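Please keep the sequence and the structure in view while reading.

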Amino acid sequence: MKMNWGTGLVIGMLLFISFILFFVITMSTDKKYSYDLVTEEYYKKEMELQDNIDAQQNSAAMTTQIIGVHTKEGYLLQFPNEYEPEKISGKVFLYRPSNKQLDFDFPIEMSNSHLLIPNKRLLDGRWNITVDWEYNHKRFRYKKSITY
């Protein structure tokens, strides 16, 4: 049986289309290729953007900044001494870019100017720490990426 160039071209195109379809179906149905959004409510987050910018500007204008230090017990956040710890309120959010199940947040409850995030909550790797806090009705925001 002799095959002409047109038949060979059609067979080649069908094989190429089959390969592409196999690749697309595999990538879209296999769970190991599943990626999550950074946040589920990204429209709501977009509306809060100006408040966050104002809070970051308030933090930048502070004379003493929050300092984050890696210690044996965990990650220690040192708030400025000129602020009374009892009047500081807010929350700490830790975001793990590689695994959304490891993300967590907790409220700020302090008796001194230090806040410790224990070792048992932090796995090795990259973390984004966001501290949204308020003092005398003025909002502040501390944001930092760390490798733990």
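## Strands β3 and β4

In this predicted model, strands β3 and β4 pair in the antiparallel sense, and four bridges connect them. One place to look at is K91, which stands opposite P107 in β4.

F104 and F106 are on the covered face, while D105 and P107 are on the uncovered one. F104 also has a charged neighbour: the charged end of R121 sits over the ring of F104, at 3.8 Å from the ring centre.

## The sheet as a whole

β3 and β4 belong to an open sheet of four strands with the order β4-β3-β6-β7, and the pairing in this sheet is antiparallel. Which strands stand at the edges? They are β4, residues 104-107, and β7, residues 138-147. Each of these has a single partner strand, so one side of each is left without a neighbour in the sheet. Neighbouring strands are turned against each other by 15° on average, with direction ignored.

## Strand β6 and its two partners

Within the order of the sheet, β6 stands between β3 and β7. On one side, seven bridges join β6, residues 126-135, to β3, residues 89-95, and the two strands run antiparallel. Two positions show how they face each other: G90 stands opposite W133 in β6, and L94 stands opposite I129 in β6.

β6 is mostly covered, with eight of its ten residues buried. T130 is a residue of this strand. Is T130 buried or exposed? Its relative accessibility is 8%, so T130 counts as buried, the limit for a buried residue being under 20%. Leaving out residues up to four places away in sequence, T130 touches K91, V92, F93, R141, Y142 and K143.

## The turn between β6 and β7

β6 and β7 form a hairpin, and two residues lie between the strands. N136 lies in this loop, and its phi is near 50°, which is a positive value in a residue other than glycine. H137 lies in the loop between β6 and β7 too. The phi of H137 is near 60°, also positive in a residue other than glycine.

H137 has a relative accessible area of 77% and is therefore exposed, since a residue counts as exposed when this value is over 50%.

In soluble globular proteins, nonpolar side chains tend to be buried together. The largest nonpolar core in this model has 25 residues, and the residues with the most contacts inside this core are F79 and W133. Strands β2 (74-78), β3, β4, β5 (114-118), β6 and β7 each supply at least two residues of the core. β6 gives the most, with five residues.

What is F79 in contact with, leaving aside its neighbours within four places in sequence? The contacts are I66, I88, I108, M110, S113, L115, V131 and W133.

## Aromatic rings

A pair of aromatic rings is described by the distance of the centres and the angle of the planes. Eight aromatic pairs are found when the whole structure is searched. In one of them, the rings of Y83 and W133 have their centres 5.5 Å apart and their planes at 85°, so this pair is edge-to-face. The pair links distant parts of the chain: Y83 lies in the loop between β2 and β3, W133 lies in strand β6, and the two are 50 residues apart. Both Y83 and W133 are buried.

These two residues are also members of an aromatic cluster made up of F79, Y83, W133, Y135 and F140. W133 thus returns in several parts of this report: W133 has G90 opposite it in β3, W133 is listed with F79 for the most contacts inside the largest core, and W133 forms an edge-to-face pair with Y83.

Terms used: Residues numbered from 1 in each chain as written. Predicted model: local features only at pLDDT ≥ 70, side-chain atom pairs only at ≥ 80, totals over all residues. Heavy atoms only, no water. Pairing = 2+ DSSP bridges. Axes fitted to C-alpha atoms, helices over the stretch in contact; angles between N-to-C directions. Core = buried A, V, L, I, M, F, W, Y, C linked by side-chain atoms within 4.5 Å. Buried < 20%, exposed > 50% of the residue type's maximum accessible area, 1.4 Å probe, protein only. Contact = heavy atoms within 4.5 Å. Phe/Tyr/Trp six-rings, centres within 6.5 Å; stacked < 30°, edge-to-face > 60°. Lys NZ or Arg CZ within 6 Å of the ring centre and 35° of its normal.
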